[in-house]
Amino acid sequence: MGSTITEKILARAAGRGEVHAGDIIEAKVDLALANDITAPLAIAEFEKAGFTEVFDPARIALVPDHFTPNKDIKAAGQAKKVREFARKHGIVNYFEVGRVGIEHVLLPDAGMVAPGDVVIGADSHTCTYGAVAAFSTGVGSTDFAAAMAWGHVWLRVPETVRFVYSGTLSPWVTGKDMMLHTIGLIGVDGALYQAMEFAGEAVDGLPMDERFTMCNMAIEAGGKSGIVGFDEKTARYLESRPAGSRARTAGQVFAGDPDADYARVLEIDASAVRPTVSKPHLPSNTAAAADLADVPIDQVVIGSCTNGRLHDLRQAADVLRGKKVHPDVRCIILPGTQDVCLEAIADGTMQTLIEAGCAFSTPTCGACLGGHMGVLAEGERAVATTNRNFVGRMGHTGAEVYLASPYVAAASAVAGHVATPDDVGAVKGGPR
Amino acid sequence: MIFVGTVHKYGRDVDTDVIIPARYLNTNDPDELARHAMEDIDAGFVDRVRPGDIMVATENFGCGSSREHAPVAIKSAGISVVVAASFARIFYRNAINTGLPIVVCPEAAAEVESGDRLKVDLKAGVVENLTRGRVYTAEAFPPFMQELIDRGGLLEYVKSRVGGERA
């Protein structure tokens, strides 16, 4: 029997000839990460268990991105615990405010993930790194604590569901729309415990940034991981990482066998996907953005680990160029990293967005999880490029979040209601 | 282990944001987390729950964020065991790792109602509705997970694997 990409990666990490769905393995961890919410609990468990040494200070990343810059005194205390642990153990990849970015944008951009790697993270969106043909999955704090000590993680090898997207995308339709559409089709537990493998002509055509977005949201269908096979775009992305980084110097490329065993194969006509929105309060509650013009909004959030890359901000700028954010709307940008900010300054994206009336935040998860930098009041409604629209996710339980692409979010910011770029007369590829 | 308690029943897709909202994640103190358990889905839960009570839900319990604060909050609030038709995978791992007993039992999850008295025999894998006189068989844990539970959790297992100099 042949193997899927995921099975091959996990066989390598387990030091076995082959592994198949259902096998329980102990996999070597290439990178383990946690943030300022999950790391303090992990540190407490690590120390309570009596561990005094981490397995490899260079293979652990501590990324205080959720409640930083410290949102309140308690959060400051949690961030301090992470900082002190990083110093004590010589954690190479600890990122202080000023250098920190949103973990799932920061770490791959810094070249910390190579194809064929096994990455675990105490953050559910760790599944993002599948975009570089790595296996990556979210775990809790205790699993992260165990990996810090042991350098391994136990895993049940997941079945793979292969999603094959045929055709080419219509204007203003992105990887985000494909993913929301997919979650709408299969439900929030439609890929429970499974690896979601994205393939087909439309995925081949996606830029890396949109592949990251798709893999990022695998968890919203219950998936264990998301993955896209290695191709020239992956290679070019990895080649442009910092010199000497893992992305440039390590990794192993795997491809699925033709006779690999898939739990199921779903064929999706990508050319029929429209700009898609997930209505409250589940990512699977999808509708066409064009059908929701009667939904007035108070806030727009563009950014996060899902859509906080330069490409995403450029898409927002393409819609907002020369336009103004609606007087009744606050439009908040949560850029992924400091480098994203610098690039957005260099190419004029930031100026375009600020001139349109957007507020630029420091890189932080912030409003996505109702932490800070844009919490919603009772009765308020937001369009967000983030990943979850659960009850209370962005603030009050009486608030509502509509998930969308940067194009739709930006158009909604102009219109003051859920809208598509066509609704606000945006011209794709207009003057920069 | 056998638990007997009163049921608090929920539906499908109970996410970790409603189990413990992010605004309380600036701490990992179990007592403090317990004071806000289930706050965004059931504001009266914390006042109603009694030590040993049992939580029952249908599909995909604990979906969303990886926050281990969720099982910690539920356990610290006094819940002895969670019975569900299915669990989201990170919550499932976290529950085992933090010592919150969980049971997969779709039939019981479908039929049990809030206020029922339930008896859960973890070892035997039997869920009994004392109020309605129904008995259900739960799914057994895979052997490896049962071994983790028997050894006292993941970190005890890892200690035995890492050996002397790091343990």
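A residue is called buried here if 20 or more other C-beta atoms lie within 10 Å of its own, with C-beta atoms placed from the backbone. The model shown in these close-ups is predicted.

**View 1. Helix α3 of chain A and its buried side.** The buried residues of α3(A) are A75(A), Q78(A), A79(A), V82(A), F85(A) and A86(A). They span an arc of only 120 degrees around the axis, so they sit on the same side of α3(A). What do the buried residues of α3(A) pack against? Their partners are α2, β3 (60-63) and β4 (93-94), again in chain A. As for its length, α3(A) has 17 residues and runs 25 Å from first C-alpha to last, close to the 24 Å expected at 1.5 Å a residue. After the helix comes G90(A), with a positive phi near 60 degrees.

View 2. Most of α2(A) is covered, with eight of its 11 residues buried. Those eight are T38(A), A39(A), P40(A), L41(A), A42(A), I43(A), E45(A) and F46(A). Just past the end of α2(A), G50(A) takes a positive phi of about 90 degrees. Look also for V54(A), in the loop between α2 and β3 of chain A. Is V54(A) buried or exposed? V54(A) counts as buried because it has 22 other C-beta atoms within 10 Å, and the cut-off is 20 or more. Setting aside neighbours within four places in sequence, V54(A) is in contact with I60(A), H89(A), M148(A) and A149(A). For a sense of scale, the C-alpha atoms of V54(A) and Q299(A) are separated by 43 Å, and the two residues are 245 apart along the chain.

**View 3. The five-stranded open sheet of chain A.** Five strands line up in the order β4-β3-β2-β5-β6 (chain A), and the pairing is parallel. β4 and β6 (135-138) of chain A are the edge strands, each pairing on one side only. Further in, strand β2 (residues 31-35) of chain A is joined to β3(A) by four bridges, the two running parallel. Within that pair, A32(A) stands opposite I60(A) of β3(A). Helix α5(A) packs on this sheet and touches β2, β3 and β5 (118-122) of chain A. The direction of α5(A) makes about 130 degrees with that of β5(A).

**View 4. An antiparallel pair in chain A, β1 with β7.** Strand β1 (residues 24-28) of chain A and β7(A) run antiparallel, joined by five bridges. Which residue of β7(A) is the bridge partner of E26(A)? The partner is W154(A). Strand β7 (residues 152-156) of chain A is mostly covered, since four of its five residues are buried.

**View 5. The four-stranded open sheet of chain A.** Here the order is β10-β9-β8-β11 (chain A), with parallel pairing among the four strands. β10 (225-228) and β11 (264-269) of chain A each have a single partner strand, so one side of each has no neighbour in the sheet. On average, neighbouring strands of this sheet are turned by 20 degrees against each other, direction ignored. Strand β9 (residues 195-199) of chain A is linked to β10(A) by four bridges, and the two run parallel. In β10(A), I227(A) is the bridge partner of E197(A). Helix α8 (residues 208-216) of chain A packs on the sheet, touching β9 and β10 of chain A, and its direction makes about 150 degrees with that of β10(A).

**View 6. P275(A) and its surroundings.** P275(A) lies in the loop between β11 and β12 (276-278) of chain A. P275(A) is buried because 27 other C-beta atoms lie within 10 Å. Neighbours within four places in sequence aside, its contacts include W172(A), V173(A), D177(A), S405(A), Y407(A) and T420(A). A288(A), A289(A) and A290(A) are also among the contacts of P275(A). By comparison, G223(A) is 52 residues from P275(A) along the chain, and their C-alpha atoms are separated by 23 Å.

**View 7. Where chain A touches chain B.** The contact takes 47 residues from chain A and 40 residues from chain B. On the chain A side, the elements giving two or more residues are α2 (38-48), α3 (73-89) and α5 (141-150). The largest share, seven residues, comes from α5(A). By class, this side of chain A has 23 nonpolar, 14 polar and 10 charged residues.

Notes
Residues are numbered from 1 along each chain as its sequence is written. Chains are lettered from A and ligands numbered from 1 in the order in which they are written. This is a predicted model: local features need pLDDT of at least 70, side-chain atom pairs count only at pLDDT 80 or more; totals for chains, interfaces and linings use all residues. Two residues are in contact if their C-beta atoms, placed from the backbone, lie within 7 Å. Ala, Val, Leu, Ile, Met, Phe, Trp, Tyr, Cys and Pro count as nonpolar, Asp, Glu, Lys and Arg as charged, and the others, Gly among them, as polar. The expected span of a helix is 1.5 Å times one less than its number of residues. A residue is buried if 20 or more other C-beta atoms lie within 10 Å of its own, exposed if 12 or fewer, and partly exposed in between; C-beta atoms are placed from the backbone. The arc is that of the directions from the helix axis to the C-beta atoms. Two strands pair if DSSP finds at least two bridges between them. Axes are lines fitted to C-alpha atoms, for helices over the stretch in contact, and angles run from 0 to 180 degrees between N-to-C directions.
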